[in-house]
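Trainee: Please take one part of this structure and go through it closely. I would like a single connected account.

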Number of protein chains: 2
Amino acid sequence: MEFMDELRFLKEQLKFNEKVDVPPGASEVVIAGMGGSGIAGKIFQELFTEFKVHLIDNYAVPKFVSKSTLFIAISFSGNTEETISAASQAARAGAHMVTISSGGALSEMGDQNIKIPRNDIQPRSATGYMLIPLLKGFGVISKSEINESYGLLDQLDKNDEECKIHAKNISKKSLIPVIYGSPPLCSIAYRWKTQFNENAKVIAYSNSFPELNHNDTMAIAQTYRKDEFYFLVFGSDASKIKKRINVTEKATKSRFNMINPKGSSQIPRMFYMLHYGDYVSYHLGTLRKVNPTDISLIEKLKKEIK
Amino acid sequence: MEFMDELRFLKEQLKFNEKVDVPPGASEVVIAGMGGSGIAGKIFQELFTEFKVHLIDNYAVPKFVSKSTLFIAISFSGNTEETISAASQAARAGAHMVTISSGGALSEMGDQNIKIPRNDIQPRSATGYMLIPLLKGFGVISKSEINESYGLLDQLDKNDEECKIHAKNISKKSLIPVIYGSPPLCSIAYRWKTQFNENAKVIAYSNSFPELNHNDTMAIAQTYRKDEFYFLVFGSDASKIKKRINVTEKATKSRFNMINPKGSSQIPRMFYMLHYGDYVSYHLGTLRKVNPTDISLIEKLKKEIK
C-alpha cells in the first residue's frame, strides 16, 4: 500500500469490530507496547481514568502485577522483543492476558487474542486497529463518536492544505518541530513527535501544558537558536489552559502555530488531531525527499540486538 | 543562598528524617506534583513498583481516586495552583492525604503534613527533601545507601571537571542537549532536560532506551541540523540496553557522549546521575552568562494566569 493510502485507511479501522473482554471485577489494567504499538495505550490512559491504567515500554513488568491484573500486550508484528518479554513475565505472575497483534508469537499468548486483520501496513498506520478494541472494550466510545470521527478523518483525507502549509514552513528553513499539547491530548503531542521522527526523519520533541510552564518556559524565552524551532501548539477549550497558552506565547516572545481540534467531544477531537499530525509529518517527509515508509534502520537494529 | 551552595546542599537533604506514613492495607498511590516538585514522584515511580504508583501533573485527578487511595501532594511552595486543585479533588473523593511542602495552603490539607524545613532555596534544589520521605516511607532506601549516596554527591561537589567539559562542548557551538536514559533512570534523563531549561535557559529534550529505538532512531540517522545536537547518553549495566546503545550509535552514525553511573546499587546511582546533570546544566548557564536561579518568567506566568 502507498503510504498516502495507509493514512487514508485509518478511518476504515474505526469500524474494527473486536473489543477487549474485560473480566468481571477487574479494576487495574497494565498495557505493554513500544513505539507505534505503544501509542494506543498512551492515548487510552488519558481518555479512560476509571481504572488504574499503567503503561510499560520496557522488558520488565512492575512487581505489583498479579492474578488480579488485566494485562494487555500490544504489538503490531506480534514479535516485538520488549513486549514479548513483558507479556511472558506477566503470564508467569498469573495475569489475565489479552493480546492485540497481526500475528507472531504474541498472537498465541493471551487468554483472549485479538487479531489485526492485515499486516501489510506500517505499525504506526494501524493505530485504529490497536485503539478501537480498548475503547470499545471499556465502553469509552459510542457509535455517534465513531461516526463523527469518521467524518473528521475523511475531511482531512480530502483536504490537508493546512497541514501542507505547516510542512512547508518547517521544510523551508529546516526547522525543529516542537509540539505542545495539553490534557487530554498529551499523548497525541507525543504521537506527532514520533511521526516526525519516522515519517519525516527529523528530530522533534513534545511537551504539554501545564507541566511545560514549569520548565520549557524559561528555555524558550532565552534559548539560543530560537529561530530554528517551529512551535506547533494544540488549542484547548479548558479556560485555564487557554490562558496559559496565550500568556506563555507573549511572555516568551515566541510564535505559536495553533492547531485547533475539531469535534464535539474528546474522542473525535483526539482522532482529528492524531490524523492532522500524520499529514504534517508525511508532507514534511515528502518535501525532504525521504521515504516516509522507510524504517529499515529500526528493523536492522532489531536484528542486531537479538 | 548562592546557587552553587544550593547544589552542594543536596547531600545534606539525604539526612532528612521525615517519612510518609503508609496506612496499613494501602496498595495504590497517586502522587501529584509539577516541575521541580513533580520530579520526586517520577523518580519514585521508577524505583518502587510494588504498588501501583500513578502520577498527576495537571489540575484534575483520575476518576478511580477513592477512599482507598493514598494521595501524596508535593509542592515546594505549597501554593502550586495545579497541585492544590488536584489535592482538593482527591480530598473530596475521600483519599488519605499526605502533603510535602515548605508551607503554603497545601501544608494544612493533609492527614499527614510533611514540612520541608527551609524555603530559601529553589524548588528544583529541594529534590532530596521531597524524595527522601517517599523512599523512607515505603522502605526503598537503606542506611548504607544513604551513606553511599552522600559520598558520591560529595565527590561531585568537590570535583565536577567532567561536567564542566560537557558544558563547554555544548556552549562552544550553542548545541541542543539531547539526553537519553534507560530504566530505572528515565526520570533522571527528564530531570536533566528540565535542569537545562531552568539553569541554562536552553531548549533540551530527553527520551529513553528502548522506546527511542522505535522512533528517535530514524530521526537521528537522517535529520537535518544533525551537528547542532549534543547527545548525552546514560550508561547501563543491563546487557540488552548496553547493546542497544552501541548498535544505535553506530547505525545512526552519531556521537554519543556517555555518562556512566557510579554506585553499587540503583539508589546511589540515581543520586549520582541526578547531581551530575545539576552541574552540567549549571555550568552551561554560567558559560552562557544567564542567571541559573532566575525563574522570574515562571513566577510572572503564575501570577498572570490566576
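Mentor: What follows is a look at one helix pair, then at its surroundings. The model is predicted. In chain B, the axes of helix α7 (residues 186-200) and helix α10 (residues 266-287) come within 8 Å and cross at roughly 25°. Angles under 35 degrees count as roughly parallel, so α7(B) is roughly parallel to α10(B). The crossing of α7(B) past α10(B) is right-handed. On the α7(B) side, the contact is made by B:Ile188, B:Arg191, B:Trp192, B:Gln195, B:Phe196, B:Asn199 and B:Ala200. From α10(B), the contributing residues are B:Met270, B:Met273, B:Leu274, B:Gly277, B:Asp278, B:Ser281, B:Tyr282, B:Leu284 and B:Gly285. By class, this contact of α7(B) with α10(B) has 9 nonpolar, 5 polar and 2 charged residues.

Now the contact between the chains. Chain A and chain B each give 56 residues to it. On the side of chain A that touches chain B, the elements giving two or more residues are α2 (35-47), β2 (52-56), α7 (186-200), α8 (216-222), α9 (239-251) and α11 (296-305). Among these, α8(A) gives the most, with 7 residues. That side of chain A divides into 25 nonpolar, 15 polar and 16 charged residues.

As for chain A as a whole, there are 11 helices and 9 strands. Its radius of gyration is 19 Å, which agrees with the value near 19 Å that a compact globule of 306 residues would have. Of the 306 residues in chain A, 56% are buried. Among contacts in chain A with a separation of 6 or more, 76% are between residues 24 or more positions apart.

Key. Residues numbered from 1 in each chain as written. Chains lettered and ligands numbered in written order. Predicted model: local features only at pLDDT ≥ 70, side-chain atom pairs only at ≥ 80, totals over all residues. Contact = placed C-beta atoms within 7 Å. Helix = DSSP H or I, 4+ residues; strand = E, 2+ residues; numbered from the N terminus. Nonpolar A, V, L, I, M, F, W, Y, C, P; charged D, E, K, R; others polar. Rg over C-alpha atoms; globule rule 2.2 N^0.38 Å. Buried ≥ 20, exposed ≤ 12 C-beta atoms within 10 Å, placed from the backbone. Axes fitted to C-alpha atoms, helices over the stretch in contact; angles between N-to-C directions. Parallel < 35°, antiparallel > 145°, perpendicular 65-115°, else oblique. Left-handed = near helix turned anticlockwise from the far one by under 90°.
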